[in-house]
Amino acid sequence: MQRHPLARILHWSIAGLVLGALASGYAITREEGFSLALLRVHLALGAAAGGLTLIRVMLWMTKGAPESVFVLTSRIEVAASRIVHITLRLMPLLLLASGIGMLVLSGKAEALLDGTLSGLSAFETLPPRKLHHAAAFLLAALTLLHALAAIKHRLQAPRRLGKA
């Protein structure tokens, strides 16, 4: 399938939002003092990344997966590319669902909205928390792998004509 005109915009928008959500999520769990403002930034970035990813997945399902930008030379590369791209498309949705799950199960959505949430302790024992952190770690690792593969292919492999 030919790339949808919004594919590049969606790709880079989601990438930027995901990186921001990962960085802010990491900072929230590492800071000595709780920052409601940082949590709100994290939630906004994560929700936006999840929402745009949902649009991207719907395009993918209705229009088909886009062709690879780079020429892949082996079956292993093709298989690895498929697995990584499917996982990269689904992880933000899993993170969105687990994040919403934590808010719902904790009962702290109202406290978050009205500014009275005083820390993350209400989320620490919730089942979606471990899933959320594991999915974030996997997404960070796959994002790094994806970036390294793109750099490798950009430096070594021929590009498909007219693809970016």
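Reader: Is Phe-137 buried or exposed?

Author: In this predicted model, Phe-137 lies in helix α5. A residue counts as exposed when its relative accessible area is over 50%. Phe-137 has a relative accessible area of 65%, so the residue is exposed.

Reader: What distance separates the C-alpha atoms of Phe-137 and Tyr-26?

Author: Along the chain, Phe-137 and Tyr-26 are 111 residues apart. Phe-137 belongs to helix α5.

Reader: How far apart in space are Leu-138 and Met-91?

Author: In sequence, 47 residues separate Leu-138 from Met-91. Leu-138 is part of helix α5. From C-alpha to C-alpha, the distance between Leu-138 and Met-91 is 8.1 Å.

Reader: How many helices and strands does the secondary structure of the chain come to?

Author: Read from the N terminus, the elements follow the order α-α-α-α-α. The C-alpha atoms fill a box of roughly 55 × 30 × 25 Å along the principal axes. The count for the chain is five helices and zero strands.

Reader: What is the relative accessible area of Lys-152?

Author: Lys-152 is partly exposed, since its relative accessible area is 35%.

Reader: Which residues make the nonpolar surface patch of about 440 Å²?

Author: One member of the patch, Ile-151, has its place in helix α5, which spans residues 127–156. The members of the patch are Leu-144, Leu-148, Ile-151 and Leu-155.

Reader: Which helix supplies the largest share of the lining of the second largest pocket?

Author: About 1000 Å³ of space lies in this pocket. Among its 40 lining residues, those closest to the centre are Gly-25, Thr-29, His-42, His-132 and His-133. Helices α1 (7–30), α2 (36–63), α3 (75–106) and α5 each give at least two residues to the lining. The largest share, nine residues, comes from α1.

Reader: How many residues of the lining of the second largest pocket are nonpolar, polar and charged?

Author: The lining of the second largest pocket consists of 40 residues. By class, these residues divide into 24 nonpolar, eleven polar and five charged.

Reader: Is Gly-119 buried or exposed?

Author: Gly-119 sits in the loop between α4 (109–114) and α5. Its C-alpha atom is 5.6 Å from that of Phe-34, although the two residues are 85 residues apart in sequence. Buried residues make up 30% of the 164 residues in the chain. The relative accessibility of Gly-119 is 14%, under the 20% limit, so Gly-119 counts as buried.

Conventions
Residues numbered from 1 in each chain as written. Predicted model: local features only at pLDDT ≥ 70, side-chain atom pairs only at ≥ 80, totals over all residues. Heavy atoms only, no water. Patch = residues over 30% accessible without salt bridge, like charges linked within 9 Å, V, L, I, M, F, W, Y side chains within 5 Å. Areas by Shrake-Rupley, 256 points an atom, 1.4 Å probe, with all protein chains shown as cover. Salt bridge = Lys/Arg side-chain N within 4 Å of Asp/Glu carboxyl O. Helix = DSSP H or I, 4+ residues; strand = E, 2+ residues; numbered from the N terminus. 1 Å grid on protein atoms, 1.4 Å probe; cavity = no way out; pocket = protein on both sides within 12 Å on 5 of 7 lines; lining within 4 Å. Points joined across faces, edges and corners; volume = space filled by probe spheres on them. Nonpolar A, V, L, I, M, F, W, Y, C, P; charged D, E, K, R; others polar. Buried < 20%, exposed > 50% of the residue type's maximum accessible area, 1.4 Å probe, protein only.
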